[in-house]
Amino acid sequence: VVALGPPRPGVVSEPLEGQQEALSWFTAEYPVLLGAVPLAVSRGLDRYACHLALVLGTFGNLRGHWADWADAQQAALPAAYRLDDLGWPARLHRELGYAYTCLERFADSQTHFTLALDLHGALDDAVGMARTLRGMCLMSERQGRLREALEYARRSRDLLLESADQAGKAYAFNSVGWYHALVGDYHEALDNCRQAIILLCEVGDRLGEATTWDSLGFAHHHLGQYREAIDCYRRALDTFQELGDRYYEADTLHHIGDSYHAVGDRAAAHRALRRAVHLFEALERPEAAEVRAKLGRGAGRGVPPGTDPRRAVTTRRAGV
């Protein structure tokens with residue numbers, strides 16, 4: 001969450017009614033806002049540049065504009081270092097780590113996550129360190145290093161056990177659960193993700209809830225509990241669609257297609273996978289080819305219990 005101060009004299013804010021109106025406004029103004037970051041840096045408006053870069057990162061992540069996400073943080077980085085607060089460069093380095101991971105520029109993501117971890121450590125900021133470690137989970141997962149990702153997730157969770165950051169703690173529990181699922185420990189996955197759901201309901205973090213319902217669906221699917229998986233995926237899908245999170249809408253459609261196929265509902269599986277392909281193609285994501293291949297084989301074969309789950313790896317939001 002970016003906490004903004006009062007507007008400058010002469011500036012009048014325009015309230016937006018709800019998520020959809022906010023997304024529509026941001027979509028319309030997006031090119032202008034991207035250009036405003038380097039302009040603010042050049043004018044010495046350092047705090048404005050950093051605030052704007054972070055907000056652009058949130059929108060870019062939702063819409064799958066990962067190159068823009070990275071560009072905005074990189075443009076604001078000099079301004080962050082001019083501010084008398086190491087928390088700013090720490091957060092921008094962390095955001096760059098996430099963005100470069102999504103772009104599969106792993107050497108760059110490792111560099112920025114390491115810088116973020118060092119800066120948060122210098123500030124004795126356990127919450128910032130935990131969020132950085134969750135980013136490093138994602139980086140390791142994308143490279144197929146699942147045990148390493150699980151270890152990062154555990155470190156993130158352990159840092160927050162005594163913290164008042166309930167949402168962060170919930171994301172950490174979900175991360176631990178997700179990586180347990182990816183290494184085949186499905187009951188451990190369910191235990192951790194259920195704890196995450198309880199915390200997320202308490203704080204009203206709907207994006208986190210959707211992410212965790214998807215993780216629960218994945219674990220149920222691999223235990224052969226396909227109806228339970230479909231129920232979890234439906235809950236996740238409704239929220240991702242409402243929040244405008246295109247990548248995770250596609251990701252969950254891919255998962256629910258596998259579960260529909262496992263219960264013999266080939267028509268529902270075909271519909272879900274076809275929608276997933278459309279979204280992945282719009283985002284120019286390589287996952288489109290995998291889902292398209294499933295459609296070519298007859299509406300998806302799913303991932304039966306006991307199969308190596310790494311063949312179905314997707315990433316869970318970590319709460320940047």
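Predicted model: local features only at pLDDT ≥ 70, side-chain atom pairs only at ≥ 80, totals over all residues.

Colleague: Is Asp124 buried or exposed, then?

Modeller: Asp124 has 70% relative accessibility, so it counts as exposed. You'll find Asp124 in the loop between α5 (106-122) and α6 (126-142). Asp124 also has a positive phi of about 55°, although it is not a glycine.

Colleague: Which loop holds Glu284?

Modeller: Glu284 is in the loop between α13 (266-282) and α14 (287-296). Its phi is positive too, about 60°, and Glu284 is not a glycine. With a relative accessible area of 72%, Glu284 is exposed.

Colleague: Let's do aromatic rings. How do I describe two of them together?

Modeller: You describe a pair of aromatic rings by the distance of the centres and the angle of the planes. Searching the whole structure here turns up 10 aromatic pairs. One of them is Tyr30 with Phe59, a tilted pair at 5.1 Å centre to centre with 50° between the planes. That pair links distant parts of the chain: Tyr30 belongs to helix α1 (residues 18-42) and Phe59 to helix α2 (residues 46-63), 29 residues apart. Tyr30 counts as buried because its relative accessibility is 9%, and Phe59 counts as buried at 5%.

Colleague: What kind of pair do Tyr247 and Tyr248 form?

Modeller: Tyr247 and Tyr248 make an edge-to-face pair, 4.9 Å centre to centre and 80° between the planes. Planes over 60 degrees apart get that name, so 80° qualifies. Tyr247 is buried at 3% relative accessibility, and Tyr248 is buried at 5%. Both tyrosines also belong to one aromatic cluster, together with Trp66, Phe240 and Phe280.

Colleague: Now helices. What should I look for?

Modeller: An α-helix has 3.6 residues a turn, so residues three or four places apart point the same way. Have a look at α9 with that in mind: its buried residues include Tyr186, Ala189, Leu190, Cys193, Ala196, Ile197 and Leu200. Among the elements covering the buried residues of α9 are α7 (146-160), α8 (166-182) and α10 (206-222).

Colleague: What span should helix α9 have?

Modeller: At 1.5 Å a residue, the 18 residues of helix α9 (residues 186-203) should span 26 Å, and the end C-alpha atoms are 26 Å apart, so the two values agree. Just after α9, Gly204 takes a positive phi of about 70°.

Colleague: Which residues does Ser156 touch?

Modeller: Leaving out residues up to four places away in sequence, Ser156 touches Ala130, Leu133, Arg134 and Ala172. Ser156 is found in helix α7, and Ser156 counts as buried because its relative accessibility is 0%.

Technical notes: Residues numbered from 1 in each chain as written. Heavy atoms only, no water. Phe/Tyr/Trp six-rings, centres within 6.5 Å; stacked < 30°, edge-to-face > 60°. Helix = DSSP H or I, 4+ residues; strand = E, 2+ residues; numbered from the N terminus. Buried < 20%, exposed > 50% of the residue type's maximum accessible area, 1.4 Å probe, protein only. Expected span 1.5 Å × (residues − 1). Contact = heavy atoms within 4.5 Å.
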